[in-house]
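Thanks for coming. I will go through one structure, a few residues at a time.

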Amino acid sequence: DFSVAALTSALRCHEPKAGRDSRENLTLAQARGGGLLTKFSWPWRCLSAGHTRILSQGGGQSWRTRALLVTMSAEALFAEFEDIEEARQAALGELEEDEEEEEEFDESKIEVLDAKQLSQQQIMAELDARGIHPKGFFEDDAAALQEVLVKEHDEYVQTLKQKAMEDKERRKRQAGFRRRRMLMERQLREEDDELSKYPEVRTWLDVINDGTTKPIIQLRLNSVLARSLAKSMLYNVTVTALDLSNCDLDDFGGAYVGRLLKTNETIQKLELSNNRCGPLTLKMLAQSLRTNNSLSHLALEANPLLGTPTIADDGGAVTEGADQSGLKAFTEMLAVNQTLITVNFWHCGLDRASGRILAHGLQQCAALLFFDFGNNRIAQCDQNAIIASLEKNRAAHSRGLATRRAAAAVRREEERKAKEIADKEQKHQDMLDWLDAERVSRIEEGRIAVEKAIERQRVEEEKRAKEEAERKEREAKEKEAAASKKKKKGKKGKKK
């Protein structure tokens, strides 16, 4: 019954403990300083029954947007780190061996039937049953039947062998499944127990899972909690720098952190200084960084990278037999990786053999620019070779940077010229558009002036026509009045 709103409310009420070491006193507000989700993210919640990832669409309303809950089983997540866990259990001597000893199939216990021990009648019946016509002579028929019996015996033995192998393989798979299930349940119990002891770490993991932490975080936790952290950060997209220095992480805890880089493409800086990381951590880092394209800075200062050192009786030099496998894998990775530019192996117990491995490996590496290998027992000739490789890489990087800057300058100049040409063309086009608009405007003004002149002429003509009509009407009235007056004057003369 996961609720984003409920989790947010609980997290906002959390207050950091007082008196904590300054390096650990990171408040929840600092952890959540990255603000609300601003893009798609795949945070993970580690649960004992399974692991839930939340796809939350970002924006200003990220806590109110719809959340899609996709369940990933604990088995699937355990599989991401299964090889590391099996190595850890094997090192602790806690892997359960099969209690039952497998009994080898013994074909000598299955004897071939002797045809000569049968009677003539039985031999003939057996041959007839197998579609073979008997000859009637005991020796000949017994030999023929014996040949068939040997062939049938061989086929039967092969069938039993195949069945025994299949049964053995099935039992082996079942034992592997039981062992895998046991390891997973034991791991989950250990993590739940540790998280219950350190509630502040659980709070941190919740914030990381929700994708609301700052890009740079520094944590202090043990190897068991480092496993939980690695699982939580498999698909985290907010943390770009992770500092787990001075945590006393063992080689397996470091290996878990190294493995998370196989899927996490956001972390750019990883610090694991002053821990107990060893060859396995280097191997997991090497595997992950062969495909990782984000990590650029890696610090493994003061870690026993060749394994736990064995001191001589006089308390002096480390005895021979150091594990160079992790260092070999790491240097082979450097020939492939193109993003890692800074590595810190200061005071990591490297010996002369390590120096030879590094000197040879860095000859094939073109990306690494800074490598701190001080306070180790590397031969001077190998140190010189390493320094020469780094200087060659830095020179190539400088040339590449100069080339890129020159190309950028050329590109900017081309863009400027193109912009000038475009501006000139636009200005010319604007002038043409203005002239065209002026021409159209003048034509329109002329048309309007002609229409106004025609309208004035029409009004004047109508006015003259009206005045002429009024004049004619007035003249007609005057004539009519004059005629009427003359007529009255004529009538008066007749009366006299």
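Which backbone nitrogen does the side chain of asparagine 292 reach? That of leucine 295, at 2.9 Å. A polar contact here is a pair of N or O atoms within 3.5 Å; within protein, one must be able to donate a hydrogen and the other to accept it, and residues adjacent in sequence count only if both atoms are side-chain atoms.

Before going on, some ground rules. This is a predicted model, where local features need pLDDT of at least 70, side-chain atom pairs count only at pLDDT 80 or more, and totals for chains, interfaces and linings use all residues. Residues are numbered from 1 along each chain as its sequence is written, and side-chain values use heavy atoms, with hydrogens and water left out.

Back to asparagine 292. It sits in the loop between helix H10 (279–289) and strand E7 (297–299). Helices (H or I, at least four residues) and strands (E, at least two) are DSSP runs, numbered from the N terminus. Asparagine 292 counts as buried because its relative accessibility is 1%. For the cut-offs, buried means under 20% relative accessible area, exposed over 50%, and partly exposed in between, with a 1.4 Å probe and protein chains only. Leaving aside residues up to four places away in sequence, asparagine 292 touches Leu261, Asn264, Glu265, Asn337 and Thr339. Contact means heavy atoms within 4.5 Å.

The loop between H10 and E7 also holds serine 294. With 12% relative accessibility, serine 294 counts as buried. A polar atom of its side chain lies 2.9 Å from the backbone oxygen of isoleucine 267. Again not counting residues up to four places away in sequence, the residues that serine 294 touches include Asn264, Glu265 and Thr339.

Alanine 302 has a phi of about 60 degrees and is placed in the loop between E7 and helix H11 (325–334). Its relative accessible area is 17%, so alanine 302 is buried. Asparagine 246 has a phi near 60 degrees, and its loop runs between strand E5 (241–243) and helix H9 (251–260). Asparagine 246 is partly exposed, at 37% relative accessible area.

A glycine with positive phi, near 70 degrees, is glycine 211, which follows helix H7. How many of the 11 residues of H7 (residues 199–209) are buried? Nine are, and the helix is mostly covered. Among the buried ones are Glu200, Trp204, Asp206 and Asn209.

Now the cysteines. A disulfide is a covalent bond between the sulfur atoms of two cysteines. Counting a pair of cysteine sulfur atoms within 2.5 Å as a disulfide, a search of the whole structure finds zero. Cysteine 348, for instance, is in no disulfide, and the nearest cysteine sulfur, belonging to cysteine 277, is 9.4 Å away. Is cysteine 348 buried or exposed? Buried, because its relative accessible area is 2%. Cysteine 381 counts as exposed, at 53% relative accessibility.

Last, helix H13 (residues 380–495), where leucine 435 lies. Leucine 435 is partly exposed, with a relative accessible area of 44%. That is all from me.
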